[in-house]
Amino acid sequence: MPSQRDIKRRIDSVRNTRKITRAMELVASAKLRRAQERIESLRPYAQAMRRLMAQAARQSGSLTSLPLLEERGEAARASIVAITGDRGLAGAFNVNILRAGFAAEAEMRGDGVGDVVYTAVGKKGAGTLNFRGLTVDRIFQGFSTEPTYADAQQVTEHLVRGFTEGHFDRVLVVYNAFKSVLEQRVTVERLLPIERELVEDEQEHDPLVESRALALFEPDPDIFLSKLLPTFLDTTIYRALLESAAAEHAARRNAMHSATDNAGSLISDLTLAMNRARQASITQEILEVVAGADALV
Amino acid sequence: MSTSVPGTEKKRMGVRLLTPEGPAFDGFATMLVAPSVEGEVGILPRHTPLIAFLRTGDTRITTVDDEKVVFATTEGYLSVLEDQVLVLVAQAEPADNIDRARAQAALERAEAKLAEAEAAGDEVGRVAAESARRRAENRLRVADQ
């Protein structure tokens, strides 16, 4: 049975741990709020971009000649972009992504895709993928909690290049979508080739777009569209990075919140054990005194 | 509005300058000049619908209060629709806010990165560094105007 001092020492140690986890929880909450604001500030840009793209698609008429939309019948090679965090201590945040990535890989291999490479965004994902001996064609790291648009552009540049040069015929993105503070949903999206419906997206029936005459394009709509698509991908990746950042903070906040709670209940258990130990030793001492007194009579 | 004499009210148009990191300008203007790839374009109210590419340069807005606002902008898109002007760019920085020293440091950093990427034969890194350098140069140029 541990002595009172041992238990006391453990209580102190757990208390210190709780201080740390509580601080991490607060930091994560603050950062989460900022990350959510950044998702919000992207929205007007993303909407305007979609609208512009739909308009260009409508006026260009044919989408067949665009390489980024090209469906390659026999997809032989694919890339999976796994967006994880640079750090751990966020519950199952990173593990979920990799698990979904592996599932996507298995499914694609079932469909006859022979060659699957990973593009790792985030240090944690890169570490695990390397450890498992999987092919990682490029690692992006250092911006998981605060991605900038320039970071997203770099990732897109890499993917678009790989796709147009034929290194892969399909690109999937796996990331944690930020649903709410309590929920992150692992999302698998096809990035390339770009799905046609996304480009032609007509569901936004705002009167401004519908009423007006054809716009003058400078240069013509086809060229315009071919330049706009990479920007659309930048925005898509940027959005995924932002969502993942917010989700990471949310996951860390929740993980640290339960860690703090657990430390609390551990402390009360240990306190109880310590009180018992103290009581036991007091009883023991009384018994000894009484026994000693008895012996004298 | 500046005047109430009929027929002389200023024509105005809504201008939104958007970046992925948030709107840089959202308000009414009487004129906008943006650097399209085919030369500078000036937009006045009642312009015909137009969609154009922008190159890295400066976008100048004259607001309804006759105030001139200049932004250093990167590559992007311009769309004019029924007196609604949309400028979509990756980055927009008000000229008054540009910190020369920081822009200079960014330029040097971009050049170092460029040299590094070239030495390593890293195509993706090179493209990124090149556009970073172009942005930094543009910021300095706009700040000097």
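Visitor: What percentage of the 297 residues in chain A do buried residues make up?

Guide: Buried residues make up 45% of the 297 in chain A, where buried means under 20% relative accessible area, exposed means over 50%, and partly exposed lies in between, using a 1.4 Å probe and protein chains only. Please note that this is a predicted model, in which local features need pLDDT of at least 70 and side-chain atom pairs count only at pLDDT 80 or more, while totals for chains, interfaces and linings use all residues. Residues are numbered from 1 along each chain as its sequence is written, chains are lettered from A and ligands numbered from 1 in the order in which they are written, and side-chain values use heavy atoms, leaving out hydrogens and water.

Let's start with the overall build. Chain A has seven helices and six strands; these are DSSP runs numbered from the N terminus, with helices (H or I) of at least four residues and strands (E) of at least two. Starting at the N terminus, their order is α-β-α-β-α-β-α-β-β-α-α-β-α. The radius of gyration of chain A is 28 Å, well over the 19 Å from the globule rule for 297 residues, so chain A is more spread out than a compact globule. Here the radius is taken over C-alpha atoms, and the rule is 2.2 Å times the number of residues to the power 0.38. Along the principal axes, the C-alpha atoms of chain A fill a box of roughly 115 × 45 × 25 Å.

Now for some single residues. S41(A) sits in helix α1 (residues 4-60) of chain A and is buried, with a relative accessible area of 18%. Leaving aside neighbours within four places in sequence, S41(A) is in contact (heavy atoms within 4.5 Å) with T19(B), P20(B), E21(B), G22(B) and P23(B).

R170(A), by comparison, belongs to strand β4 (residues 170-180) of chain A and counts as partly exposed, at 24% relative accessibility. Leaving aside neighbours within four places, the contacts of R170(A) include A75(A), M108(A), F163(A) and L192(A). Between R170(A) and P230(A) there are 15 Å in space, C-alpha to C-alpha, though they are 60 residues apart in sequence.

Finally, F224(A), again leaving aside neighbours within four places, touches residues of chain A, including L52(A) and F217(A), as well as I51(B), A52(B), F53(B) and Y77(B).
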